[in-house]
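User: I have a structure to go through and would like to discuss it piece by piece. Could we start once it is on screen?

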Amino acid sequence: MVCEALSLTIPFFTNLASKDAKLATNRYNLCRSTPRIQCSSSSAEGPVTADKLENDYALTGSAYDFERGTISITRESLSSPKKVILVRHGLSTWNEEGRVQGSSNLSVLTEAGVKQAERCRHALANMHFDQCFSSPISRAKTTAEVLWQGREEPLVFLDSLKEAHLFFLEGMKNVDAKVIHPKEYITWREDPANFYVNGVYPLRRLWATARDAWREILFTPGESFLVVTHKSIVRALICTALGLPPERFRSIDVNNGGISTFVFNKRGEAMLKSLNMTAHMYSDHVYLS
């Protein structure tokens, strides 16, 4: 049964003559009653299914279905609604050293990064996932292996989840890159959508890659997926799902081990349910859904 409470307005009387106040009070007492509960479905109709909710917009003010509330990332119908959990990899050696990572495979998880991955696994232990997708780059791959430990399905590695390729900046310490390549480095930090090398715009290319990743993930059989990847591609996944352009890239931040949640309706329209959750990094917090 799906129910919604109807609001009850309680009048507040001030500055009334005693006779008027008494009359108003009597009228109020006549109207006063236990707040009513309005139910849309009875138990005789069976359980409320996703299909039933999808056809009953009034129940949630369109929050469940959000028809045309955003754009379809797939532009094709999905077999069912989907839930996707995005996780950024744990702390890496180049994170710790303040180096530009990009698509390099030379940066690996630190001991602290492995512990962060273990915290993520504990935090998501009560959730069912049909599949786990990961970037094949070492720091994300290792995080995914820790997270997926004990699960039956094999990990799926997608090239579309690789981090942005940043050319000659990769491997450089940020302080050095700012001095040696000031124009390119500052553009990458302050105007990343217009950062380019040899006619290639890495961030714009990443937007296209993110859309490819979404299609690969969302057209996979199943309804609940775990995705482990990198900061820039996570930002691109979030932005493309919400219809935001590359210029909004730095409007979103994601910590190492940060968890974000999306749900998609059958039209492939996204709703961001949570962004960069990190309670599990500082406690034994477990997410239930």
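User: Is Trp94 buried or exposed?

Analyst: Trp94 is buried, because its relative accessible area is 11% and the cut-off for buried is under 20%. Please note that this is a predicted model.

User: Where does Trp94 sit, and what does it touch?

Analyst: Trp94 is placed in helix H3. Leaving aside residues up to four places away in sequence, Trp94 touches Arg99, Val100, Gln101, Ser104, Leu106, Ser107, Glu170 and Gly171.

User: Which residues does UniProt list for "binding site"?

Analyst: The unreviewed UniProt entry lists Arg88, His89, Gly90, Leu91, Ser92, Thr93, Trp94, Asn95 and Arg139 under that heading.

User: What surrounds His89?

Analyst: Not counting residues up to four places away in sequence, His89 touches Asn95, Gln101, Arg139, Ala140, Thr143, Thr229, His230, Asn256 and Gly257.

User: How does E7 pair with E3 and with E8?

Analyst: E3 and E7 run antiparallel and are joined by six bridges; within that pairing, Val87 has Ile259 of E7 as its bridge partner. E7, residues 259-264, also pairs with E8 in the antiparallel sense, over five bridges. There, Thr261 has Ser274 in E8 as its bridge partner.

User: How many residues of E7 are buried?

Analyst: Five of the six residues of E7 are buried, so the strand is mostly covered.

User: And the turn from E7 into E8, how many residues lie between the strands?

Analyst: The hairpin has five residues between the strands, and Gly268 in it takes a positive phi near 80 degrees. Ser72, from the loop between helix H2 (50-54) and E3, touches Arg267, Gly268 and Glu269, not counting residues up to four places away in sequence.

User: Which polar contacts does the Ser72 side chain make?

Analyst: A polar atom of the Ser72 side chain lies 2.5 Å from the backbone oxygen of Arg267. The Ser72 side chain also reaches the backbone nitrogen of Arg75, at 2.8 Å.

User: How does H8 pack with H9?

Analyst: The axes of H8 and H9 are 9 Å apart and the helices pack at an angle of about 75 degrees. The two helices are therefore roughly perpendicular to each other, since that term covers angles from 65 to 115 degrees. On the H8 side the contact includes Leu206, Trp207 and Trp214, and on the H9 side it includes Ile233, Leu237 and Cys239.

User: Why does Cys239 count as buried?

Analyst: Cys239 counts as buried because its relative accessibility is 0%. Cys239 belongs to helix H9, residues 231-242. Not counting residues up to four places away in sequence, Cys239 touches Trp207, Leu244, Arg248 and Ile252. The C-alpha atoms of Cys239 and Phe249 are separated by 7.2 Å, with the two residues ten apart along the chain.

User: Last topic: which residues other than glycine have a positive phi?

Analyst: Among them are Asn198, with phi near 50 degrees, and Asn276, at about 55 degrees. Most residues other than glycine have a negative phi.

User: Where are these two, and are they buried or exposed?

Analyst: Asn198 lies in the loop between helix H7 (182-190) and H8, and it counts as exposed because its relative accessibility is 73%. Asn276 lies in strand E8 and counts as buried, because its relative accessibility is 18%.

Definitions and conventions
Residues numbered from 1 in each chain as written. Predicted model: local features only at pLDDT ≥ 70, side-chain atom pairs only at ≥ 80, totals over all residues. Heavy atoms only, no water. Pairing = 2+ DSSP bridges. Helix = DSSP H or I, 4+ residues; strand = E, 2+ residues; numbered from the N terminus. UniProt positions renumbered as here; feature names shortened; annotations may be inferred. Contact = heavy atoms within 4.5 Å. Buried < 20%, exposed > 50% of the residue type's maximum accessible area, 1.4 Å probe, protein only. Polar contact = N/O pair within 3.5 Å; in protein donor to acceptor, adjacent residues only side chain to side chain. Axes fitted to C-alpha atoms, helices over the stretch in contact; angles between N-to-C directions. Parallel < 35°, antiparallel > 145°, perpendicular 65-115°, else oblique.
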